[in-house]
Amino acid sequence: MTDKDNSVNLKSDGAKAAGAYHHGDLRAAVIAAGLARLQSGDDGELGLRALARDVGVSATALYRHFPDKEALLDALADEGLRRLGALQAQAWLKAGGGIAGFKATGAAYVRFAHDEPALFRLSFTRQMPDRKEGGDGGEVAYNLLRAGVGEALPGVKDPDVAALHAWSLVHGLAMLILDRRIDWDEALVDRVVGLTFGGVD
């Protein structure tokens with residue numbers, strides 16, 4: 001069997017369902033299929049074989065991109081962090097930066113957890129100790145956090161501690177919502193985030 005025969009079966013039902021696989025972009029297609037499973041609540045089937053079926057390839061083909069399931073889960077978690085960072089960056093820009101932008105990034109963090117609970121949990125429960133040079137998918141989010149602390153609290157002596165304080169606030173709020181300790185209320189999220197991200201209005 002050739003590599004081509006082993007890597008793609010365009011007649012597969014899984015390929016039709018995924019609709020995303022194009023030769024040469026298998027890694028991205030598998031990540032997209034994994035994200036779709038997480039969003040649908042089917043996170044119990046995130047194995048290489050299940051995702052290979054989704055994109056219409058053999059499981060063997062995936063080993064070129066993911067040596068094992070742990071590598072696949074790390075890739076999904078990293079993509080979750082990248083999405084979070086992108087959403088926060090958009091919120092920052094839309095609010096015009098500054099303190100308003102800082103508050104918007106905090107609310108966007110909690111909103112992402114609410115909208116993508118399985119991906120959010122996966123992204124923050126993976127250890128992923130071996131990082132490639134240049135950081136991970138959460139780098140954009142953390143850089144925004146540090147920048148926001150600098151603008152909202154210009155006189156702070158230790159920006160890393162202040163950033164951790166702000167992060168703890170939004171992460172704790174997100175987890176309270178995910179664990180159903182409090183109900184989702186976007187207006188309430190904005191008010192709570194505002195207490196730390198810019199003071200009381």
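**View 1. The largest nonpolar core of the predicted model.** Among the 49 residues of this core, Val30, Leu76 and Phe102 touch the most other members. A nonpolar core is here a set of buried Ala, Val, Leu, Ile, Met, Phe, Trp, Tyr and Cys residues joined through side-chain atoms within 4.5 Å, where buried denotes under 20% relative accessible area, exposed over 50% and partly exposed in between (1.4 Å probe, protein chains only). Helix α10 (residues 159-178) supplies the largest share of the core, eight residues; helices are DSSP runs of H or I with at least four residues, numbered from the N terminus.

**View 2. Surroundings of Leu76.** Beyond four places in sequence, Leu76 is in contact (heavy atoms within 4.5 Å) with Ile31, Gly34, Leu35, Leu46, Leu119, Leu122 and Ser123.

**View 3. Asp74 and Ser123.** Asp74 lies in helix α6 (residues 69-95) and is partly exposed, at 23% relative accessible area. Its C-alpha atom is separated by 8.1 Å from that of Ser123, 49 residues apart along the chain.

**View 4. Residues 1-20.** Over this segment pLDDT, the predictor's confidence in each residue from 0 to 100, stays under 50, and the model has 31 contacts for the segment beyond four places in sequence. Where pLDDT is low, the predicted coordinates should not be read in detail. The chain averages a pLDDT of 81, and 80% of the residues score at least 70.

**Notes.** Residues are numbered from 1 along each chain as its sequence is written, and side-chain values use heavy atoms, with hydrogens and water left out. In this predicted model, local features need pLDDT of at least 70 and side-chain atom pairs count only at pLDDT 80 or more, whereas totals for chains, interfaces and linings use all residues.

Definitions and conventions
Helix = DSSP H or I, 4+ residues; strand = E, 2+ residues; numbered from the N terminus.
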